Amino acid sequence: MLCVFLALIRRDMAVVLRNGQLSSTLSFFIMVVVFFPLAIDPASLDLAAISPAIIWIGLFLAAQLPLERLLHDDYQDGSLALWSLTRAPLEVIATAKYAVAWLTASLPMIFAALASGMLVYQWPMDAILNNMLTILVGSLLLTLISLLTRCLTLGSRGGKGLIYLMSMPLSLPTLIFGAASLRTHTPTDLNTSIDTETTTALILLSLLLLATLIPMLWASTLALRNAISHQ
Amino acid sequence: MKKKTTPLYTHRYAVRNLTCVRGDTTLFHDISFDSVGHTCLHITGSNGSGKSSLLKILAGLSSAHSGTLCWCDTQEAPCAHHVLYVGHELALNSALTPYDNIVFWAQARQCPSTPDVIRSALTAFDVAHLEAVPCALLSAGQKKRTSLAKLLIDEDAPLWLLDEPYANLDSQGQKTLQGIIENAQKKGAIIILARHENAPERALPCDQTVTL
């Protein structure tokens with residue numbers, strides 16, 4: 001089972017690298033994050049205050065990209081059906097797709113988000129660990145939601161519109177808690193409670209991931225099985 | 001990379017009263033047959049008669065509207081790894097080379113995946129010289145040959161399901177495939193293939209025909 005999991009990960013990594021998907025997702029994210037401050041007059045607004053919104057919108061949009069090709073291409077050319085004829089259950093295939101999507105798209109984005117936060121939005125240096133954890137957990141959640149919506153719309157004509165319609169309500173808790181747990185200012189005497197607020201939001205975000213990981217992977221597997229059987 | 005060596009001759013596939021419904025149309029109705037090791041069964045029918053759907057049901061990829069499948073002594077479709085299925089969709093990623101496509105598939109099937117094994121399979125179908133070319137650049141026939149090379153990787157699979165295996169294949173390729181199928185039959189595999197009434201696949205060994 002582990003053997004199949006690793007083979008699938010190696011294969012999808014090779015596909016992603018040869019397709020150039022790695023750089024396209026990353027550059028899309030950087031574009032979103034960098035264009036905002038360029039379009040807004042920096043003198044009139046506190047850039048750090050709106051940075052969580054920009055970072056999370058960028059993460060949300062970019063998290064939708066990798067699985068489109070990873071799942072859709074494999075479904076179209078019959079690879080998914082063939083991969084399901086191995087000793088590994090379909091759960092393993094769904095998990096491998098999830099892992100590859102996160103590794104190739106979200107992992108590089110975490111560093112891009114931190115770098116842009118520090119350089120463009122002047123996040124405090126001492127918040128780096130907190131913000132990294134927040135983006136890590138948040139991106140795991142966003143990729144999970146993307147996996148489920150892609151699996152559900154696999155093989156349906158006109159499913160593209162449905163993807164965003166479905167992922168919007170599913171992503172709301174992640175966006176709200178994620179934005180709340182990014183630490184963008186150094187706490188001053190006036191707002192000493194900011195630390196506890198962000199920590200609480202981070203804990204809630206992590207609990208959300210722990211609670212939804214298994215059910216969402218399971219639901220994605222069911223959707224995959226359904227899609228394959230109707231091919 | 002361990003492989004179970006079950007004696008192949010014991011395999012038996014009994015199909016009873018299979019009915020397939022897609023949307024509002026009934027593709028086929030009450031199909032029954034028995035197939036045992038060492039035999040080759042042809043499923044014939046016109047376009048859209050449900051040949052591919054039947055193969056997918058036999059592979060356990062999709063479920064029938066009604067009817068039962070009994071693989072050997074079980075009351076269900078065969079285990080996934082017993083099935084060697086080559087469908088219309090060739091399952092080749094266009095960004096990967098033929099070599100990579102086959103090697104990753106072999107690893108997933110837990111078949112021997114050393115470079116020698118993969119190369120000899122590609123050589124048998126005369127696509128070894130293309131092993132470093134992305135599949136997107138191959139012709140339809142070359143893609144088909146690459147996809148069929150999978151048959152040589154997992155030769156010991158007890159159930160072969162081939163969907164119009166001669167499609168896009170030239171006479172040389174057809175000859176190679178015929179040899180491979182006859183060899184698998186000798187080893188005891190059940191071979192079920194779908195073809196049109198007058199397709200060149202008629203030349204393949206045929207012990208039984210099911211018409212849809």
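Two packed helices are described by the angle between their axes and the distance between the axes. Helix 6 (residues 90-119) and helix 7 (residues 128-153) of chain A pack at about 145°, with axes 9 Å apart (axes are lines fitted to C-alpha atoms, for helices over the stretch in contact, and angles run from 0 to 180 degrees between N-to-C directions). Their crossing is right-handed (the near helix is turned clockwise from the far one by less than a right angle).

Helix 6 of chain A also packs with helix 4 (residues 66-76) of chain A, where the axes come within 9 Å and cross at roughly 145°. This crossing, too, is right-handed. Here Pro66(A), Leu67(A), Leu70(A), Leu71(A) and Asp74(A) of helix 4 meet Lys97(A), Val100(A), Ala101(A) and Ala105(A) of helix 6. By class, the contact has 7 nonpolar, no polar and 2 charged residues.

Now to the meeting of the two chains. The contact takes 26 residues from chain B and 25 from chain A. Together the chains bury about 2400 Å², 60% of it on carbon and sulfur atoms (buried area is the accessible area, with a 1.4 Å probe, that two parts lose on being put together, summed over both). The interface holds 1 salt bridge (a side-chain nitrogen of Lys or Arg within 4 Å of a carboxyl oxygen of Asp or Glu). Asp100(B) and Arg18(A) form a salt bridge, with their closest N and O atoms 2.9 Å apart. Helix 2 of chain B gives the most to the side of chain B that touches chain A, with 5 residues. That side has 14 nonpolar, 6 polar and 6 charged residues.

Residues are numbered from 1 along each chain as its sequence is written, and chains are lettered from A and ligands numbered from 1 in the order in which they are written. In this predicted model local features need pLDDT of at least 70, side-chain atom pairs count only at pLDDT 80 or more, and totals for chains, interfaces and linings use all residues, while side-chain values use heavy atoms, with hydrogens and water left out.

Notes. Helix = DSSP H or I, 4+ residues; strand = E, 2+ residues; numbered from the N terminus. Contact = heavy atoms within 4.5 Å. Nonpolar A, V, L, I, M, F, W, Y, C, P; charged D, E, K, R; others polar.
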